[in-house]
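The stops below are given in the order in which to select them.

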Amino acid sequence: MCAKYDTIIGLEVHAELSTKTKAFCTCDASFGGDPNTHICPVCTGQPGALPIINHEAVNYAIRAGLAFGCEINRYTRFDRKNYFYPDLPKAFQISQLDLPLCVNGKIELSTGTTVRIHQIHLEEDAGKMVHDDYHGQSWADYNRCSVPLIEIVSEPDITSAEEAAEFVSKIALYLKYLNVCDAKMQEGSIRADVNVSLKPAGSPVLGDRAEIKNLNSFRSIQRAIECEIERQTQILDEGGKVVQETRRFDDATGTTSSLRSKENANDYRYFPEPDIMAISFTDADIEKAKSEIPLLPHERANKYVNEYKLTDEDARVLTLEKYISDFYDETVAIYPEYKSVANMFLTEVMRRVKETDTEEIPVTAADFAKVCEMADKNTVNRNDAKTIIRFMFEEGGDPMEIAKANNFIVEEDLGAINDFIDNLFAERQDLVDDYKNGKTSVFGFFMGQANRGLQGKATPKSIKECLEAKLKNL
Amino acid sequence: MTNLTELRKKLDNKEISSVELTKEYLKKISENEALGAFNTVCEDEALKMAELADKTIAEGNSAPLTGIPMAIKDNICTKDIKTTCSSKMLAEYAPPYNATVMEKLNAQGIVTLGKTSMDEFAMGGSSQTSALAKPKNPFDTNCVPGGSSGGSAVAVAAGLCAAALGSDTGGSVRQPASFCGITGMKPTYGTVSRYGLVAFGSSLDQIGPMANSAQDCGIILNAIAGQDIHDGTSRRHNIDFNALLGQDIKGLKIGIPKEFYGDGIDGEVKNAVIKVADFYKSLGAELVEVSMPTLKYAISAYYLLACAEASTNLSRYDGVKYGYRTESPESYDELIKKSRAEGFGAEVKRRILLGTYALSSGYYDAYYKKALAVRQQFRLEHDQIFEKCDVMLTPSAPTVAYGIDSNINDPVKMYLADVCTVTANIAGIPAISVPCGVNSANMPIGFSLSAKRFDDARIIQFADVYEKSFAHPTANI
């Protein structure tokens with residue numbers, strides 16, 4: 001970062017909501033599908049068709065607003081944003097201008113910066129154009145048309161490219177925890193526009209800003225900002241003036257280029273959408289929405305530390321991704337040995353899921369719980385348990401079957417257990433005497449010794465039974 | 001003219017079948033093609049629907065409109081039947097879905113005879129902005145039938161259908177009803193679903209019946225009204241539109257807004273409407289003078305609101321998805337510019353430009369926002385008026401039907417002629433136009449009754465009382 005200038009960054013983050021149906025009709029809102037199969041008269045803008053508000057989308061947007069500390073406007077309205085583009089069948093987007101659902105929130109970054117949220121509003125996505133350059137033809141796919149989006153508009157509180165990337169990834173993580181967005185950047189479910197301007201260090205006067213549109217990965221957000229800062233620094237260093245304009249980022253070359261100047265900016269002719277009635281919320285509505293907010297990442301981490309007695313670091317790592325945390329929660333719901341599951345998970349599963357890009361764990365929580373339990377009870381020894389997990393990841397299969405097929409099941413020899421205990425008693429006659437005299441707490445010592453000495457040869461359960469029988473018959 | 005109640009009896013008593021009735025109307029339609037009432041006549045579909053209706057009637061399951069042949073304004077979507085809005089833009093467009101009103105009428109088993117001509121995209125008061133059929137007034141074919149629902153008015157007045165649907169954004173049902181000597185009603189905004197009505201001014205548009213009597217209008221409204229999950233602006237209500245039929249009007253109050261009886265209203269029209277007031281008075285109704293000071297802003301506010309909404313409602317006609325597309329455009333920009341330049345007529349372009357201007361950055365506050373304020377004032381004023389009276393009585397139009405082409409080149413004069421009707425749309429209240437005789441040139445005159453929102457049954461009651469004493473004028477065709 002060049003110390004000569006302060007960098008001022010504001011973001012508009014668009015996140016597609018994962019509602020079942022679209023924002024203003026009842027078409028399937030899921031990603032993909034053959035072109036123009038998730039469409040109807042409403043989302044293709046047929047003459048006479050009218051939008052109907054999807055209240056699930058409204059609730060999702062409110063949930064996001066509440067999680068980011070926003071106030072919910074008790075009276076909210078939709079507006080039409082007018083522009084012509086072939087992927088926008090009505091030639092206007094239903095959005096919100098001056099009475100958005102949520103206002104005045106904030107997000108804290110690890111750098112200590114607080115980024116204020118100006119507003120969060122609900123709007124509809126556009127379709128997708130497919131260009132066939134070879135034949136010089138363009139095709140419109142309206143499947144994505146009218147899928148609900150929230151646009152999270154920040155104040156210009158961000159001071160670096162790293163902070164911008166953290167801001168967006170934090171939004172993505174929260175939206176996932178809120179179950180309102182799957183935040184798959186490769187499917188375009190989160191996109192960002194960034195506004196970048198520089199001013200002389202310490203100056204109160206803001207510089208002219210450039211907006212870079214439609215960035216769809218954390219990496220491209222960071223790179224686009226970095227190279228825009230560099231470009232503007234160079235202009236200012238040479239005594240030039242930054243032009244207020246919209247720019248596009250080319251991922252391949254890592255440069256931004258002008259898309260349109262301020263003079264050519266669209267006049268969107270916003271006006272209140274006459275087909276959708278304004279919505280009013282009561283305090284009870286807001287309270288209900290609050291009660292529906294699931295645990296957020298830091299809240300889950302607190303639970304792991306306070307209730308499950310995990311270390312801060314383990315709790316932090318387990319909550320970095322929602323699907324990881326969900327898997328852990330699911331496992332301990334079946335087998336509530338919190339620490340041992342966490343240890344096995346962090347050493348054996350984490351490493352493997354990190355190697356893949358997908359958010360899928362190819363093992364069920366039930367099977368994973370089973371392996372943890374098998375290791376804890378010494379049905380198999382711990383190293384073999386790890387091998388079982390490897391097999392489950394690589395080839396799949398039931399853990400017990402894998403254990404049997406590979407001769408991992410610990411064969412129990414009661415004779416050997418009894419011999420071991422006899423030897424132990426002989427060595428520590430003093431403690432045996434203590435036991436006879438009523439000091440039963442030495443049981444733990446014998447148990448520990450036997451477990452260690454017989455690891456891989458006997459289950460704790462059998463050892464305990466033999467030990468109890470012997471002590472009873474002293 | 002046979003009214004719907006009589007037709008129902010004849011059909012149910014098997015004096016005539018729906019197929020016979022449909023054939024009669026189809027024959028009349030073809031004999032009177034020169035009237036230009038229809039853009040599309042759907043003979044085959046109509047006969048099929050009639051056969052089905054006859055079956056339903058034979059089974060004793062008839063609903064009030066089963067087997068009744070109706071004409072539908074060409075801006076109401078009919079699945080797989082062309083819905084052109086009388087525009088080159090949609091000349092070949094057959095919707096993939098039915099408007100909610102069509103679903104409801106079809107559920108009762110009506111027969112759709114065809115789609116009636118209109119002003120292009122319902123923009124006009126003469127039906128002469130149509131790019132397809134241009135309807136003529138059956139009382140004098142040199143005169144306009146009014147508009148924009150001119151084709152529907154002509155079809156009813158000339159006996160080409162039993163009843164029709166129109167749509168009313170600023171008087172488009174009531175003014176042509178008045179020009180053609182029939183009854184037409186715009187119900188309270190939100191009582192009838194707009195889903196499938198090709199939008200013009202969304203906050204003003206309402207589908208309404210055009211028929212031979214107020215009672216017929218009530219029968220049709222009872223069939224098509226109701227809250228609709230496809231229209232977020234439709235309201236939950238339980239109106240029986242004919243609930244007050246036959247009830248005495250004695251002691252009820254009729255508001256006479258003085259602004260509607262001043263300059264600019266034709267003398268013969270004024271006198272005819274005053275006679276209507278005297279008639280009601282003779283039955284024991286009380287006449288009270290009321291005032292609508294905001295009326296002078298009505299036309300400006302109406303055209304700003306309607307055109308602003310229209311400018312964005314009509315943006316979807318870009319040549320991409322359906323409708324008219326220019327030949328071999330060089331680029332997307334050219335595709336859209338040329339398609340719209342070639343596909344829309346002059347009046348539609350004029351209103352899109354007006355509306356676009358009114359919504360443009362820097363002008364929004366001066367125009368659109370002020371129009372919204374006027375609308376608010378209008379609503380308050382109407383609330384106050386209807387504290388003083390049950391219904392309001394006005395002329396339906398400042399004049400009778402005028403000669404074709406006489407007004408068409410003077411848009412401002414055309415717009416000003418809407419002054420008697422736009423108030424009901426701005427205020428969202430119900431209003432009905434009823435014929436009250438003819439002028440010296442034998443052209444029909446109409447009066448209008450309006451009431452507070454959701455008091456639709458009240459104006460039907462008053463209109464029915466008048467019609468019980470005075471027959472509609474008949475056209476010699």
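## Stop 1: a strand in chain B

Select strand β7 (residues 253-257) of chain B together with β9(B): the two pair in the parallel sense over two bridges. Helices (H or I, at least four residues) and strands (E, at least two) are DSSP runs numbered from the N terminus, and two strands pair if DSSP finds at least two bridges between them. This is a predicted model, in which local features need pLDDT of at least 70 and side-chain atom pairs count only at pLDDT 80 or more, while totals for chains, interfaces and linings use all residues. Residues are numbered from 1 along each chain as its sequence is written, and chains are lettered from A and ligands numbered from 1 in the order in which they are written.

Within this pairing, I254(B) is opposite V391(B) of β9(B).

Is β9(B) enclosed or open? Five of the five residues of β9 (residues 391-395) of chain B are buried, so the strand is largely enclosed by the rest of the structure. A residue is buried if 20 or more other C-beta atoms lie within 10 Å of its own, exposed if 12 or fewer, and partly exposed in between, with C-beta atoms placed from the backbone. V391(B), L393(B) and P395(B) cover one side, M392(B) and T394(B) the other, and all are buried.

## Stop 2: the domains of chain B

Colour chain B by domain: domain 1 is 4-248 + 408-469 and domain 2 is 297-368, with bounds from an automatic or database domain assignment. Their C-alpha centres lie 27 Å apart. The contact between them takes 29 residues from domain 1 of chain B and 22 residues from domain 2 of chain B; two residues are in contact if their C-beta atoms, placed from the backbone, lie within 7 Å. On the domain 1 side, α13 (411-416) and α14 (422-427) of chain B each supply at least two residues, and α14(B) has the largest share, four residues.

## Stop 3: between the chains

Show both chains. The contact takes 34 residues from chain B and 25 residues from chain A. On the chain B side, α9 (298-313), α10 (332-343) and α11 (346-359) each supply at least two residues, and α9(B) gives the most, with three residues.

## Stop 4: a helix in chain A

Select α9 (residues 365-376) of chain A, a helix of 12 residues. From first C-alpha to last it reaches 16 Å, close to the 16 Å expected at 1.5 Å a residue, the expected span being 1.5 Å times one less than the number of residues. Its buried residues include D367(A), F368(A), K370(A) and M374(A). The buried residues of α9(A) pack against α7 (322-334), α8 (338-355), α10 (382-394) and α11 (399-405) of chain A. Just after the helix, N378(A) has a positive phi of about 65 degrees.

## Stop 5

Finish on the open sheet of three strands ordered β5-β4-β15 (chain A), with antiparallel pairing. β5 (92-95) and β15 (271-272) of chain A are at the edges with a single partner strand each, so one side of each is left without a neighbour in the sheet. Strand β4 (residues 79-82) of chain A is joined to β15(A) by two bridges, and D79(A) has P272(A) as its bridge partner.
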